[in-house]
Amino acid sequence: MRQVNFGRALAVSGFLALALIYSILWLQTIRDPGLRTGSDFIAFYTAGRIANQFGAAHVYDVSLQQNIQQAQVGFSLAPGQVLLYNHLPYLIPILQLIAVKDYVTSFILWDVLLLALYALTMYLLTKTLDWDAASSVLAFIGGLTFFPAFVSLLNGQDSAFLVLGVALCLYFLARERDLFAGLGLALVTVRPQIAILLVIPFLFKRRKVLIGFGIGASLLAMVSMVMLGLDGTKQFIDFLLLTTNGEWYGIKESAMFNLIGILTRAAPTLNPQMIRLTGWIAYTLAALILGWFAFKASSVQSKHLGMIVIASLFFAPHLHYHDLALLLIPVFAFIGIRKWPFLPLIVSTILLIGFAPELRYWIAYLVMASLALMLFSPEKTQLIQNQFQSLWRKR
């Protein structure tokens with residue numbers, strides 16, 4: 001009689017439970033007009049509809065964004081209530097394809113696309129592991145059901161592009177195709193503040209990655225400028241200046257998981273401009289420190305990018321929960337060192353259980369700190385695992 005692998009059976013049960021929970025929450029969001037129009041997707045839908053009706057050059061017109069969103073929510077919005085599309089222009093052609101007249105259909109199409117991108121990301125990450133099929137499938141499904149990734153789908157956020165960019169970089173680095181790794185990394189410019197930190201190691205090592213990144217980022221910038229034209233590009237720059245002050249609706253600095261969020265929650269009476277200045281100074285110092293470590297390092301490995309991702313999640317000036325999907329990178333960097341195919345499921349479950357408002361931030365910080373320690377000292381982590389296994393067998 002074939003022996004049952006209880007670990008894998010438990011993992012399958014966990015995946016099914018997550019899939020059920022996610023399906024219920026997603027259907028609830030899609031069916032509830034308040035929830036679906038209150039999600040971040042309305043900004044992406046607005047950009048796509050404006051581009052379809054008036055042209056891409058007018059996407060960053062605040063009054064047009066207000067008109068589109070008012071039609072969806074069914075009541076008038078003050079300018080400060082509009083959830084602005086403050087993302088980069090090169091996503092606009094994709095948004096034009098999914099932003100059909102019906103909002104719900106558009107939301108579904110967008111989430112299907114994002115889910116496909118996450119599936120591609122998991123395929124690339126598991127391909128870097130060189131594992132047996134069963135373990136690879138466990139890691140793949142664990143990544144695909146990663147809780148912050150689901151939150152990004154629920155909000156209709158574009159974090160899937162961000163994670164895919166890093167996954168492409170890791171995939172091609174493992175195959176020593178550095179130019180392609182840099183081209184993939186250019187996709188991370190959907191969050192420029194994170195892209196800057198991730199590029200730092202390649203200033204000193206494997207410079208073909210930096211060249212590829214420069215080519216990719218330049219091409220994306222050229223596409224954006226051609227779409228927007230001169231007037232549209234000026235409007236885009238003015239728009240960025242408007243939204244980077246942190247005070248527009250939807251920015252919600254108190255809900256961020258970075259240093260700015262911590263300071264805003266800890267000292268709500270402190271001048272917000274002072275908090276932002278502190279955050280930017282800390283971000284600059286982090287970039288310099290990472291640059292120094294990169295200069296001293298003998299090579300660039302996946303664990304280094306994993307640790308930089310964790311640092312970027314803490315120091316990036318703008319970051320919300322959906323961008324914690326980037327934690328997939330340090331998770332897979334670690335299981336590439338120590339074969340723990342269940343780790344994505346474990347981390348996802350911890351984050352889901354700790355999503356309650358009073359625990360949400362502390363659990364996320366605990367996970368980030370734990371992953372950083374695991375990458376920094378994988379040997380000690382393995383020793384702790386062996387001790388737990390030994391205690392479990394004695395029971």
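Which residues of α11 are buried? The buried residues of α11 are Gln193, Ile194, Ala195, Leu197, Leu198 and Val199, where buried means under 20% relative accessible area, exposed means over 50%, and partly exposed lies in between (1.4 Å probe, protein chains only). Six of the eight residues of α11 are buried, so this helix is largely enclosed by the rest of the structure. The structure is a predicted model, in which local features need pLDDT of at least 70 and side-chain atom pairs count only at pLDDT 80 or more, while totals for chains, interfaces and linings use all residues. Residues are numbered from 1 along each chain as its sequence is written, and side-chain values use heavy atoms, with hydrogens and water left out.

The protein has 19 helices and zero strands; helices (H or I, at least four residues) and strands (E, at least two) are DSSP runs, numbered from the N terminus. The radius of gyration is 21 Å, close to the 21 Å that the globule rule gives for 395 residues, so the protein is as compact as a globular protein of that length. This radius is taken over C-alpha atoms, and the globule rule is 2.2 Å times the number of residues to the power 0.38. The C-alpha trace spans about 65 × 50 × 45 Å along the principal axes. Of the 395 residues in the protein, 48% are buried. The exposed surface comes to about 19000 Å², of which carbon and sulfur atoms supply 68%; accessible areas come from the Shrake-Rupley method with a 1.4 Å probe, and for residues only the protein chains shown count as cover. Among contacts between residues at least 6 apart in sequence, 76% join residues at least 24 apart, contact meaning heavy atoms within 4.5 Å.

Two packed helices are described by the angle between their axes and the distance between the axes. Helix α11 (residues 192-199) packs against helix α14 (residues 272-296) at an angle of about 20 degrees, and the two axes are 9 Å apart. Axes are lines fitted to C-alpha atoms, for helices over the stretch in contact, and angles run from 0 to 180 degrees between N-to-C directions. Helices α11 and α14 are therefore roughly parallel to each other, since angles under 35 degrees count as roughly parallel, over 145 as roughly antiparallel, 65 to 115 as roughly perpendicular and the rest as oblique. On the α11 side the contact is made by Gln193, Ile196 and Leu197, which meet Tyr283, Ala287 and Leu290 in α14. The residues of this contact comprise five nonpolar, one polar and no charged. In this division Ala, Val, Leu, Ile, Met, Phe, Trp, Tyr, Cys and Pro count as nonpolar, Asp, Glu, Lys and Arg as charged, and the others, Gly among them, as polar.

Ser312 is buried, with a relative accessible area of 0%. Residues up to four places away in sequence aside, Ser312 touches Ile194, Leu197 and Leu319. In helix α13 (residues 259-266), the buried residues are Leu259, Ile260, Gly261 and Thr264, and their cover includes α14 and α15.

Gln72, in helix α4 (residues 62-73), is partly exposed, with a relative accessible area of 25%. Beyond residues up to four places away in sequence, Gln72 touches Thr37, Ile42, Tyr45 and Tyr103. Gln72 and Thr46 are 26 residues apart in sequence, and their C-alpha atoms are 9.6 Å apart. Gln96, in helix α5 (residues 92-98), is partly exposed at 26% and, leaving aside neighbours within four places in sequence, is in contact with Gly48, Ala51 and Asn52. Asn155, in helix α8 (residues 147-155), is partly exposed at 24%. With neighbours within four places in sequence left aside, the contacts of Asn155 are Ser39, Asp40, Phe41 and Phe107. Asn155 and Ala133 are 22 residues apart in sequence and 32 Å apart in space, C-alpha to C-alpha.
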